[in-house]
Amino acid sequence: MAKVTVRYWAAAKAAAGVAEEPYDAATLAGVLDAVRERHPGELTRVLQRCSFLIDGDPVGTRAHEAVRLTEGGTVEVLPPFAGG
């Protein structure tokens, strides 16, 4: 397991009620399961529309179970943004 920081942006931040928080997880799928457990409700719905960055790199279409997390890393939770 890696200790990571999950950072929420825009609607995800509003739904979580915090800007960031620590988690222990080995994969993106694992950390998202932990986020859903800690924040049932609106954040769970928001996550369905989000994209993710792991240590600054986009996850894209990779399976969340295959995306390994690194000790001290960061998971950015990015809801769709309007504008440009």
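This is a predicted model: local features need pLDDT of at least 70, side-chain atom pairs count only at pLDDT 80 or more; totals for chains, interfaces and linings use all residues.
Reader: Why two sides?
Author: In a regular strand the side chains alternate between the two faces of the sheet.

Reader: How many strands form the sheet, and in what order?
Author: The sheet is open and has 5 strands in the order S2-S1-S5-S3-S4, with mixed pairing. Its edge strands are S2 (20–25) and S4 (57–58), each of which pairs on one side only. Helix H2 (residues 28–38) packs on this sheet and touches S1 (2–8), S2, S3 and S5 (74–78); the direction of H2 makes about 125° with that of S2. Helices (H or I, at least four residues) and strands (E, at least two) are DSSP runs, numbered from the N terminus. Axes are lines fitted to C-alpha atoms, for helices over the stretch in contact, and angles run from 0 to 180 degrees between N-to-C directions.

Reader: In what sense do S1 and S5 pair, parallel or antiparallel?
Author: S1 and S5 are parallel, with 4 bridges, and Val6 has Val75 in S5 as its bridge partner. S3 and S5, by contrast, pair in the antiparallel sense, over 4 bridges. There, Val75 is the bridge partner of Ile54. Two strands pair if DSSP finds at least two bridges between them.

Reader: And what stands opposite Ile54 in S4?
Author: Asp57 does. S3 (residues 51–54) and S4 run antiparallel and are joined by 2 bridges.

Reader: Changing topic: where does Thr27 lie?
Author: Thr27 is in the loop between S2 and H2. Its relative accessibility is 13%, and Thr27 therefore counts as buried. The Thr27 side chain reaches the backbone nitrogen of Gly30 at 3.0 Å. Apart from neighbours within four places in sequence, Thr27 is in contact (heavy atoms within 4.5 Å) with His64, Glu65, Val67, Arg68 and Leu69.

Reader: Is Val46 buried or exposed?
Author: Val46 is buried, because its relative accessible area is 2%. The residue belongs to helix H3 (residues 42–47). With neighbours within four places in sequence set aside, Val46 is in contact with Ala11, Ala12, Ala15 and Pro79. The C-alpha atoms of Val46 and Leu78 are separated by 9.5 Å, although the two residues are 32 residues apart along the chain.

Reader: What about the protein chain overall: how many helices and strands?
Author: There are 3 helices and 5 strands, running β-α-β-α-α-β-β-β from the N terminus on. Buried residues make up 38% of the 84 residues. The radius of gyration, taken over C-alpha atoms, is 12 Å, which agrees with the value near 12 Å for a compact globule of 84 residues; the globule rule is 2.2 Å times the number of residues to the power 0.38.

Definitions and conventions:
Residues are numbered from 1 along each chain as its sequence is written. Side-chain values use heavy atoms; hydrogens and water are left out. Buried means under 20% relative accessible area, exposed over 50%, partly exposed in between (1.4 Å probe, protein chains only). A polar contact is a pair of N or O atoms within 3.5 Å; within protein, one must be able to donate a hydrogen and the other to accept it, and residues adjacent in sequence count only if both atoms are side-chain atoms.
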